[in-house]
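Thank you all for coming; I would like to take a few minutes to walk you through one structure, going from its sheet to its core and then to its aromatic rings. Please have a look at the sequence and the model first.

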Amino acid sequence: MASQKLVLALIRAARPTFRNQNDKIAFAVHSSFLASGYVLTATGPQALSDDAFSDPSNDEVSVDHWNELNDEYAFVYANPEKGSEKVLVKCLVMNDKLLVHALTQGSSEPLSLEIDVGDYAEEDGGSNYSQQFKNLDKLVKRIDGDILSKLDGSAKASSSSRSSETSDRTRQELPDPVAGFGEPADPPTQIIFPSVPIGSGSDLVPGPAAGVFPSRGGHGIGGSMLVGPNDPRWFGGIGGDPAFPGGLPGVPPGARFDPYGPPGVPGFEPNKFARNPRRPGYDAHPDLQHFRRDADSDYI
């Protein structure tokens, strides 16, 4: 940040020759840029040339020829600490005012400052530079607030914008990540596995499979389609259902089940599965009576 003491020290070190009050204010503007870290790369007619911005050189030049133009001053600066962009500063004399414009390389909006020359420059001051100016501290603060600090802010914004553009370009060039890769794992979900039913259901209405919760209530029916010799449907009704008290409807006593088999194959004749009536005193099933003990004499 420029200060009155530093600006005055730079003026004294340069020992410029002033032709009028406008020269004094223009050189104070120049010294404020030097106090803020800028270096002079072109001045006078050279600063107004077409290649003032395009010249890649940032070498510092002398201040010679800075006031050769009539009612106009021009300076080109570079600040190595804030990037390679250059700044063109023009000072135009308009009656008793000095209009200062600063344009950053690549920008189309200049910064402007209007200075009343008589408020800051003495008409005479001899060889003592401190007496050439008045209210120098106020002038330096205006130059810093209206131009230098804004240039500094625009340089930071430009640098941030370039960094953002580079980051966006890099992000666009990167391939899309594989889904799920590098992402935090979801919290584990509690899974309740149903128990495996044992002995429930039948072949007519099977019970639930493993891993499936049983349905609520029954189906209103029960029993199996596999009928054995001692199935209750042959005797006391269907599973105790009072709707069929005498046994299976339409099944006469002594009925038998004829299994299907290949025709003409010995051992599958229907009479092989005929049910004999129960004999008094023998509690075996009629189809199993041929295994009784007293039947051994039939095979002797």
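Strand β4, residues 97-104, and strand β5, residues 111-116, pair in the antiparallel sense over 6 bridges, where helices (H or I, at least four residues) and strands (E, at least two) are DSSP runs numbered from the N terminus, and two strands pair if DSSP finds at least two bridges between them. Within this pairing, L98 has I115 of β5 as its bridge partner. The two strands, β4 and β5, form a hairpin with 6 residues between them, and G106 in the turn has a positive phi of about 90°.

Before I go on, a word on where these values come from: this is a predicted model, in which local features need pLDDT of at least 70 and side-chain atom pairs count only at pLDDT 80 or more, while totals for chains, interfaces and linings use all residues. Residues are numbered from 1 along each chain as its sequence is written, and side-chain values use heavy atoms, with hydrogens and water left out.

Now, to what sheet does this hairpin belong? It is an open sheet of 5 strands in the order β1-β2-β3-β4-β5, with antiparallel pairing. The edges are taken by β1 (39-43) and β5, each of which has a single partner strand, so one side of each is left without a neighbour in the sheet. On average, neighbouring strands of this sheet are turned by 25° against each other, direction ignored; axes here are lines fitted to C-alpha atoms, for helices over the stretch in contact, and angles run from 0 to 180 degrees between N-to-C directions.

Which residues have the most contacts inside the largest nonpolar core? They are F33 and V89, in a core of 39 residues, where a nonpolar core is a set of buried Ala, Val, Leu, Ile, Met, Phe, Trp, Tyr and Cys residues joined through side-chain atoms within 4.5 Å, and buried means under 20% relative accessible area, with exposed over 50% and partly exposed in between, for a 1.4 Å probe and protein chains only. At least two residues of this core come from each of α1 (4-14), α2, β2, β3, β4, β5 and α3. Leaving out residues up to four places away in sequence, F33 touches Y38, Y77, V87, V89, I147, L148 and L151. There is also a second, separate core of 6 residues, with A42, A47, V76 and L88 included in it.

From helix α3, residues 136-173, I have picked L139, which counts as buried because its relative accessibility is 0%. Not counting residues up to four places away in sequence, L139 touches I25, A28, I115 and Y120. The C-alpha atoms of L139 and I25 are separated by 8.9 Å, although the two residues are 114 apart along the chain.

A polar residue deserves a moment as well. N67, in the loop between β1 and β2, is buried, with a relative accessible area of 14%. Its side chain is joined to that of D23 by a polar contact of 3.2 Å, meaning a pair of N or O atoms within 3.5 Å, of which, within protein, one must be able to donate a hydrogen and the other to accept it, while residues adjacent in sequence count only if both atoms are side-chain atoms.

Finally, how many aromatic pairs does a search of the whole structure find? The search gives 10, where rings of Phe, Tyr and Trp (its six-membered ring) pair if their centres lie within 6.5 Å, with planes under 30 degrees apart counted as stacked, over 60 as edge-to-face and the rest as tilted. The rings of F33 and Y38 have their centres 5.3 Å apart and their planes at 65°, so this pair is edge-to-face. For Y38 and Y77 the ring centres are 6.3 Å apart and the planes stand at 70°, so that pair is edge-to-face. Because Y38 lies in the loop between α2 and β1 and Y77 in strand β2, the pair ties together parts that are 39 residues apart in sequence. Elsewhere, ring pairs link F18, F27, W66, Y73, Y129 and F133 into a cluster.

Note on methods
Contact = heavy atoms within 4.5 Å.
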